[in-house]
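I opened my notebook for this one and looked up a few places in turn.

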Amino acid sequence: SKKMILDLDTGIDDTLAIAYALGSPEVELIGITGTYGNVLVEQGVRNALAVTDLFGHPEVPVYAGLPHASRKDSFEVLPVSAFIHGQNGIGDVEIPDSSRSPESGSAVDFIIDAVKTYGKDLVYVPTGPMTNIAAALAKAPEIKDEIGKIVLMGGALTVCGNVDPWQEANISQDPDAADELFRSGAPVTMVGLDVTLQTLLTYKETATWRELGTPAGRFLADMTDYYIKAYETTAPKLGGCGLHDPLAVGVAVDPTLVSTLKINMKVDVDGPTRGRTIGDNDRLNDPVKTMQVAVGVDVPRFLNEFMTRITGLAKA
Ligand code: BDR
Ligand code: CA
């Protein structure tokens, strides 16, 4: 089976991404690497340990990744992130802490070693800033040719950003890291706001999780309702919450859920639009396209896969 690594700033939709991966028999989640963004890296790691326990998968190792972008010396959670994901990242729902500790090794080395071990069978899914993978590529550049693929949540090609008119949140935290990844030549599928703002969840679906009557079902419902409520304030016209991170996992499991445009991308790292994802005009005529960008999504089919897989996990 395919091996998957999730690299998460474990907030609410990151937790839904974990649930989607654990509910997918096609993939084995071989590890989680923690990043920062929705929460500090320590809190994200704590959440990843707690929710993998709650979902009945305490075998998944969790590594703490880098705590901030390489060109910064610290990181602070933006008030808007706390508003959307809760102070604790999981909608301020209380669940027991895991008795496990994060792994002692480095997340970056774990990623490199996994590429060496599994090669083309490995899919790496970052749903936060791209800091850890950029560091792995800097340390072991050859992994770009050895890895199966990278399916990331971040950026936008045809719509505006979500932190300001040109920046999507994950890219905005570390534009340099994302640019290094995009221009590395690694096989990257970008699942950005173009498609993730089309896949929406409502209270109707979360109610079915609550009705399962299991601790995991109640947790998923309460946590996700917090996120839907935040979206009612930040994006009242949308009519639900965006399933950003789970869609990246969905595409990693089944690429036919989206249609893509093959185009090499870059990130503006200088000037007033720093953090914008855009086609790399220096590589427009390059016959080799190492990137593709999701530009269409089969919404009903994805929502059906999402509900089936996560409900199956939460039922057990
Ligand atoms: C991304 O930003 C985070 O808040 C979400 O978890 C998602 O990864 C959406 O822009
Ligand atoms: Ca995320």
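Which residue takes a positive phi just after helix 2? I found that Gly56 does, at about 80°. Helices here are DSSP runs of H or I with at least four residues, strands are runs of E with at least two, and both are numbered from the N terminus.

A note on the source: this is a predicted model, where local features need pLDDT of at least 70, side-chain atom pairs count only at pLDDT 80 or more, and totals for chains, interfaces and linings use all residues. Residues are numbered from 1 along each chain as its sequence is written, while chains are lettered from A and ligands numbered from 1 in the order in which they are written.

**Helix 2**

I stayed with helix 2 (residues 41–54) and checked its length. Its 14 residues should span 20 Å at 1.5 Å a residue, and the end C-alpha atoms are 20 Å apart, which agrees; the expected span is 1.5 Å times one less than the number of residues. Next I looked at burial (buried means 20 or more other C-beta atoms within 10 Å of a residue's own, exposed 12 or fewer, partly exposed in between, with C-beta atoms placed from the backbone). Of the 14 residues, 12 are buried, so helix 2 is largely enclosed by the rest of the structure. Among them are Arg46 and Asn47. The buried residues pack against strand 1 (2–8), helix 1, strand 2 (27–34), strand 3 and helix 11. Contact means C-beta atoms, placed from the backbone, within 7 Å.

**Helix 11 and Ile84**

Helix 11 (residues 215–234) has 20 residues and reaches 29 Å from first C-alpha to last, close to the 28 Å expected. Its buried residues include Phe219, Asp225 and Tyr227. I then went to Ile84, which is in helix 3. Is Ile84 buried or exposed? Ile84 is buried, because 24 other C-beta atoms lie within 10 Å. Leaving out residues up to four places away in sequence, Ile84 touches Tyr227, Ala230 and Thr234. The C-alpha atoms of Ile84 and Tyr226 are 7.7 Å apart, although 142 residues separate the two in sequence.

**Two loop residues**

Ala69 sits in the loop between strand 3 (62–64) and helix 3 (79–85). Ala69 counts as partly exposed because it has 19 C-beta neighbours inside 10 Å. Beyond four places in sequence, its contacts include Pro129, Gln173 and Asp176.

Asp92 is in the loop between helix 3 and helix 4 (107–118). Its phi is near 55°, a positive value in a residue other than glycine. I noted that most residues other than glycine have a negative phi. Asp92 is partly exposed, with 13 other C-beta atoms within 10 Å.

Helix 12 (residues 244–253) and helix 13 (residues 299–315) pack at about 95°, with axes 11 Å apart. That makes helix 12 roughly perpendicular to helix 13. Axes are lines fitted to C-alpha atoms, for helices over the stretch in contact, with angles from 0 to 180 degrees between N-to-C directions; under 35 degrees is roughly parallel, over 145 roughly antiparallel, 65 to 115 roughly perpendicular and the rest oblique. Pro246, Leu247 and Gly250 of helix 12 meet Phe302, Glu305 and Phe306 of helix 13.

Last, I looked at ligand 1, where 13 residues form the surroundings (C-beta atom, placed from the backbone, within 6 Å). The closest are Gly11, Asp13, Thr127, Ala169 and His244. Helix 1 (12–22), helix 7 (169–173) and helix 12 each give two or more residues to this shell.

Notes: Contact = placed C-beta atoms within 7 Å.
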